[in-house]
Amino acid sequence: MSIIDRYIVKEVVRVLVILVIGLVILFYLVDFFEKIDSFIGADLSVPGVLTYFACKLPFVAAQMIPICLLLAVIITFGLMNRFNELVALRSGGVSIMSLLKPAVAVGGVLTASLFMISETVVPVTISKANRIWLEEVKKKSVNTSRERNIWIKERRKIIHIEYYNPTKKTIYGVVVYEFDDAFNLVRRVDAVKGVFKEEGWILDDVMEQKYNTSTGIFDVLLHRQISEPMDLQPDDLTDVVRGSEEMGFIELMDYIRQVEDEGYDATPYRVDLHAKAAFPFICLLMSLIGTGIAAKIRPKESLPIVIVAAIGIAFLYWTGYGVFISLGYGELLPPLVAAWTANAVFLFFSIYLLVIAA
């Protein structure tokens, strides 16, 4: 690596670290003041609060790194441009492609690092953070197994759900156990699936068993569809189900296979699987785009204006990425296409910027 390359890498990394630390602190300040009432209401201890935020750190940092890298590249080259360093380098025969190498090297290292962090650290830490929020803050008595089984305890009911599809707000393999004050089983409801609507949970293909006090046995009733009162909202289930971010790539592949082998729709998880592979490459894209934008800056142009424009480009990327992922969840696009389309579009955009800057 040449002296110029080492200099650029050093400056990009220095600015990147400063930006990541600053944005993480800002995020935590906002997040803390949003949740402080919940922490106080749950009487969560200071060590518990610190543990919660510490466990969220790898996930939050991973989300911040791509946009920070884009800004770091632009700020580094923008400052070099302001002091005519880029003009001197290009006058000396240094091409834009030569300047691109150190930025891409940083992007490549971060891409690999982001994938490894998302595979090893994030699933463990975000799972711990979710568990603290669910059990110690929201005080929910819930147990979720690796095989998707969800157990929820209400006042006189215990509910078991085999699988929950958050996109369709649909539960599958539902069993409701209802008890009297002496905790004797008085009713059991088995349903193939349930859908959440305005009036509550509507269960389909139901077998209801009700204890008959006069005969001492359970009467069996079959229903095509019934409304079942449950103190359970889709958001509650979204909190308790094991999210894709809590699983590594291989583990998520196994999870999808198990879900589909049992006949359930795993489309949202398939989208997330491809997104796990696509997301780390954002770092490479941002390094390319940042170099292309920085190469077009003239010495007299205002760097803050360029930074605002870069933030706008990053916003467009995240908006487009979110839209395509949502289309994948809704089965309007194949999972592979939904996860990679934003990357493909912005790859061509970065190439365009580099070509016109060369």
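Is Phe39 buried or exposed? Phe39 counts as buried, at 4% relative accessibility. Buried means under 20% relative accessible area, exposed over 50%, and partly exposed in between (1.4 Å probe, protein chains only).

## Basis

This is a predicted model: local features need pLDDT of at least 70, side-chain atom pairs count only at pLDDT 80 or more, and totals for chains, interfaces and linings use all residues. Numbering starts from 1 along each chain as its sequence is written, and side-chain values use heavy atoms, with hydrogens and water left out.

## Aromatic pairs

Rings of Phe, Tyr and Trp (its six-membered ring) pair if their centres lie within 6.5 Å; planes under 30 degrees apart count as stacked, over 60 as edge-to-face and the rest as tilted. The count comes to 25 aromatic pairs. Phe39 and Tyr52 form an edge-to-face pair, 5.8 Å centre to centre with 70 degrees between the planes. Phe39 lies in helix α1 (residues 3–41) and Tyr52 in helix α2 (residues 46–82), so the pair ties together parts 13 residues apart in sequence. Helices (H or I, at least four residues) and strands (E, at least two) are DSSP runs, numbered from the N terminus. Tyr52 is buried, with a relative accessible area of 4%.

Ring pairs link Phe39 and Tyr52 into a cluster with Phe27, Tyr28, Phe32, Phe33, Phe53 and Trp133. Lys35 lies over the face of Trp133, 5.4 Å from the ring centre. The rule here: NZ of Lys or CZ of Arg is within 6 Å of the ring centre and within 35 degrees of the ring normal.

## Nonpolar cores

A nonpolar core is a set of buried Ala, Val, Leu, Ile, Met, Phe, Trp, Tyr and Cys residues joined through side-chain atoms within 4.5 Å. The largest has 65 residues; Phe39, Leu69 and Leu70 are among those with the most contacts inside it. Elements giving two or more residues to this core include α1, α2, α4 (96–137) and α9 (303–329). Helix α2 provides the largest share, 19 residues.

Leaving aside neighbours within four places in sequence, Leu70 is in contact (heavy atoms within 4.5 Å) with Met286, Ile289, Gly290, Ala310 and Ala314. Apart from this core lies another, of 18 residues, among them Tyr164 and Val206.

## Backbone in the loops

Most residues other than glycine have a negative phi. Lys169 has a positive phi of about 50 degrees. Lys169 is found in the loop between β3 (157–165) and β4 (170–179), and is partly exposed at 40% relative accessibility. Phe183 has a positive phi of about 60 degrees, and is found in the loop between β4 and β5 (185–197).
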